[in-house]
Amino acid sequence: NPNKALGPQVDYTITGIDAGAGIMNGTNTALDSYGLRDKNWQLQTSSTAAMTSSLGKAVAHHEPIVVTGWVPHWMVSKYNLKFLDDPKGVYGKSEHINTIARKGLKNSDPEAYTVLDRFHWTPDDMAKVMMKVNEGVDPQKAAQEWLAENPDHLKAWTDSVAKVSGKKLTLTYVAWDSEIASTNVVAQTLRDVGYDVTIRPMEIQPLWASVSTGAADAMVSAWLPNTSGKYYDDYKGKFDDLGANLEGARVGLSVPKYMSNINSIEDLKN
Ligand code: PBE
């Protein structure tokens with residue numbers, strides 16, 4: 001019922017994801033900055049899978065729901081979501097995703113370094129791989145399929161890079177849908193050059209520690225400047241920042257478009 005206050009209809013709850021995600025920190029800040037805590041709003045910790053499942057149920061019944069949302073992600077098109085305006089700028093404007101390598105990779109593995117340095121794609125590209133995985137395709141297979149469908153990208157990233165034979169390389173990532181997609185695509189590209197690539201999922205803090213200590217070779221999961229900014233600052237000077245592999249990402253609070261009266265985070269207070 002769009003004429004009834006939203007809070008009681010959703011138990012004053014924002015449905016979130018895993019506790020370590022940057023978007024959860026951002027949302028806790030938003031609860032304070034917008035005075036939502038005083039109005040009994042709370043952020044529920046869960047996982048991306050549990051959140052998108054709740055979202056799917058709410059949308060099926062045309063019920064209100066407020067979630068932590070971001071792009072690129074298939075949930076936006078599948079469930080027809082909109083971002084709530086953030087007049088206080090808690091979540092920042094747009095985010096980019098950077099590639100971070102261990103110090104010394106450039107010298108020990110110039111071929112891998114070159115591929116990682118060149119790796120760059122668009123939110124649309126990433127969304128296509130995510131969509132395949134969401135439809136049930138194994139992530140490695142989805143990456144292989146996408147590369148076969150996008151030979152120009154594979155060529156641009158590997159052109160005139162010398163082949164190596166079975167050198168070992170470890171990429172770390174957090175098992176968010178976006179990073180499952182990007183990490184598998186980069187791993188597959190590096191395999192094309194002859195690397196024996198292992199990808200290893202972990203929590204966000206160990207992810208940054210892994211490349212900063214040299215335990216892992218690289219990762220392509222650095223959402224910046226806000227979302228992973230704390231880790232970037234904590235480990236600064238201990239890794240090589242190869243720059244953005246994707247621009248035009250965004251994080252914030254999202255609701256289905258049918259919630260026509262809710263357009264700003266401020267509207268949650270009414
Ligand atoms: N995310 C997806 C992550 C980064 C990738 C937006 C859920 C986060 O730290 O919030």
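Analyst: Across the domain boundary, 13 residues of domain 1 are in contact with 19 residues of domain 2, two residues being in contact if their C-beta atoms, placed from the backbone, lie within 7 Å. The model is a predicted one, in which local features need pLDDT of at least 70 and side-chain atom pairs count only at pLDDT 80 or more, while totals for chains, interfaces and linings use all residues. Residues are numbered from 1 along each chain as its sequence is written.

On the side of domain 1 that touches domain 2, the elements that give two or more residues are helix H2 (22–33) and strand E3 (67–71). H2 gives the most to this side, with three residues. Helices (H or I, at least four residues) and strands (E, at least two) are DSSP runs, numbered from the N terminus. By class, this side of domain 1 has seven nonpolar, six polar and no charged residues. Here Ala, Val, Leu, Ile, Met, Phe, Trp, Tyr, Cys and Pro count as nonpolar, Asp, Glu, Lys and Arg as charged, and the others, Gly among them, as polar.

The domain assignment gives domain 1 as 6–93 + 251–269 and domain 2 as 95–249; such bounds come from an automatic or database domain assignment. The C-alpha centres of the two domains lie 28 Å apart.

The ligand shell draws on both domains, with at least three residues from each of domain 1 and domain 2. Around the ligand are Ile17, Ala21, Gly22, Ile23, Trp70, Trp176, Ser178, Trp223, Thr227 and Val251; a residue is near a molecule or strand if its C-beta atom, placed from the backbone, lies within 6 Å of it. This shell divides into seven nonpolar, three polar and no charged residues.

Two cis peptide bonds can be described next. The bond from Val71 to Pro72 is cis, with omega near 0°, and Pro72 sits in the loop between E3 and helix H4 (74–78). Leu224 and Pro225 are also joined by a cis peptide bond, with omega about 5°; Pro225 lies in the loop between strand E8 (218–224) and helix H12 (229–235). Asn40, in the loop between H2 and strand E2 (42–44), has a positive phi near 75° and is not a glycine. Most residues other than glycine have a negative phi, and most peptide bonds are trans.

The helix packing can be followed through H8. Helix H8 (residues 139–149) and helix H10 (residues 177–192) pack at about 65°, with axes 8 Å apart. Axes are lines fitted to C-alpha atoms, for helices over the stretch in contact, and angles run from 0 to 180 degrees between N-to-C directions. H8 passes H10 in a right-handed crossing; a crossing is left-handed if the near helix is turned anticlockwise from the far one by less than a right angle, and right-handed if clockwise. Residues of H8 that meet H10 include Trp146 and Leu147, and those on the H10 side include Ile180 and Asn184. This contact has seven nonpolar, five polar and no charged residues.

Helix H7 (residues 123–134) packs with H8 at about 140°, the axes being 9 Å apart. H7 and H8 are therefore oblique to each other, since angles under 35 degrees count as roughly parallel, over 145 as roughly antiparallel, 65 to 115 as roughly perpendicular and the rest as oblique. Lys128, Val129, Lys132 and Val133 in H7 meet Pro139, Ala142, Ala143, Glu145 and Trp146 in H8. By class, this contact has six nonpolar, no polar and three charged residues.
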